[in-house]
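This briefing is meant for a reader who is meeting the structure for the first time.

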Amino acid sequence: MSIFTPTEITDNYMKASVGKAASPAWRLFVLAVAAGLLIGLGGVTSSTAAHGLENAGLVRLMSGLIFPVGLMMVILMGTELFTGNALMITAALDGKITWARLLRNWGIVFAGNLVGAVALAACMAFFGQLNIGGGDLAVYTAKVAASKNALPWANAFVLGIFCNIMVCIAVYQANTAQDTGRILGIFFPIMGFVLAGFEHCVADMYYVPAGIFAYMNPAYTGLIDAAGINVALLNFGDFICANLIPVTLGNIVGGVLVGLVMYACHATKKA
């Protein structure tokens, strides 16, 4: 079995980044919408499996075992994920792409991820998927959303850093092989970040809007009120200011740190 070395992985990713940077805006956006949807589906399936569990450790374990399916689909289907694209910093440092092209990619992909994840959240909240358990899944979804919006800004930022360190390591490890070993390379770091409770901005683009939409759905409003959840946190203002901004910034820092280390230590520098 052929395993690529860290140098080969880094060089291959820089070459791939050239194509990512040059991709037409419409293509980037479509692939980014798809990635937001796929990461959100990881959240849908893991929440559905875990929502009936009482023990917090078991909830995280079950979520961690299932959520990685989202990144597996993203990578194997060749879609565009904002957090993974933080690694494009390596190509910018090497002069293979311009900084303007890097920022263009990040902006288009972030917007597409947001559209895909939020659209999925609305579909799950308003078309019956959260009915599971007599609405217990809707209550769990709202609870998760409120807890994410309740994080102190600094906590969300730092948890975002460590999350994307693990996500970007998963992306690199997925490129160590050309066979089913790619799946294992993805699985364990993603399981680890979910178990640890780290924060991923694209996952939160599903989790938080899903909880907000669940509370907006009259079928679940009473159930969520009765559960004692702090429903004042279920709004898009808190989502953007208290969650999405600090988590996104943390994810950028974490991903860039991985890219900097790999570039400095493993890249074949241009002459």
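Helices, which need at least four residues, and strands, which need at least two, are DSSP runs numbered from the N terminus. On that basis the protein chain, which is a predicted model, has 12 helices and 0 strands. Read from the N terminus on, the elements of the protein chain therefore run α-α-α-α-α-α-α-α-α-α-α-α.

**Overall form**

- The radius of gyration of the protein chain is 18 Å, close to the 18 Å that the globule rule gives for 271 residues, so the chain is as compact as a globular protein of that length.
- Taken along the principal axes, the box filled by the C-alpha atoms of the protein chain is roughly 65 × 40 × 30 Å.
- Of the 271 residues in the protein chain, 52% are buried.
- When contacts between residues at least 6 apart in sequence are considered, 84% of them join residues that are at least 24 apart.

**The packing of helices H2 and H4**

- Two packed helices are described by the angle between their axes and by the distance between those axes.
- Helix H2, covering residues 25–50, packs with helix H4, covering residues 69–76, at an angle of about 155°, and their axes are 7 Å apart.
- Because angles over 145 degrees count as roughly antiparallel, H2 and H4 are roughly antiparallel to each other.
- The crossing that H2 and H4 make is right-handed.
- On the H2 side the contact is made by Ala35, Leu38, Ile39, Leu41, Gly42 and Thr45, while H4 contributes Val69, Gly70, Leu71, Met73 and Val74.
- Sorted by class, the contact of H2 with H4 holds 8 nonpolar and 3 polar residues, and no charged residues.

**Glu199, in the loop between H9 and H10**

- Glu199 lies in the loop between helix H9 (181–196) and helix H10 (201–216).
- With a relative accessible area of 5%, which is under the 20% cut-off, Glu199 counts as buried.
- Leaving aside residues up to four places away in sequence, Glu199 touches a set of residues that includes Lys148, Leu151, Ala156, Asp204 and Asn251.

**Ala227, in the loop between H11 and H12**

- Ala227 has its place in the loop between helix H11 (218–226) and helix H12 (236–266).
- The relative accessibility of Ala227 is 42%, and Ala227 therefore counts as partly exposed.
- Ala227 and Lys148 are 79 residues apart along the chain, and their C-alpha atoms are separated by 17 Å.
- Lys148 is also one of the residues that Glu199 touches.

Conventions. Residues are numbered from 1 along each chain as its sequence is written. This is a predicted model: local features need pLDDT of at least 70, side-chain atom pairs count only at pLDDT 80 or more; totals for chains, interfaces and linings use all residues. Side-chain values use heavy atoms; hydrogens and water are left out. Axes are lines fitted to C-alpha atoms, for helices over the stretch in contact, and angles run from 0 to 180 degrees between N-to-C directions. Angles under 35 degrees count as roughly parallel, over 145 as roughly antiparallel, 65 to 115 as roughly perpendicular and the rest as oblique. A crossing is left-handed if the near helix is turned anticlockwise from the far one by less than a right angle, and right-handed if clockwise. Contact means heavy atoms within 4.5 Å. Ala, Val, Leu, Ile, Met, Phe, Trp, Tyr, Cys and Pro count as nonpolar, Asp, Glu, Lys and Arg as charged, and the others, Gly among them, as polar. The radius of gyration is taken over C-alpha atoms; the globule rule is 2.2 Å times the number of residues to the power 0.38. Buried means under 20% relative accessible area, exposed over 50%, partly exposed in between (1.4 Å probe, protein chains only).
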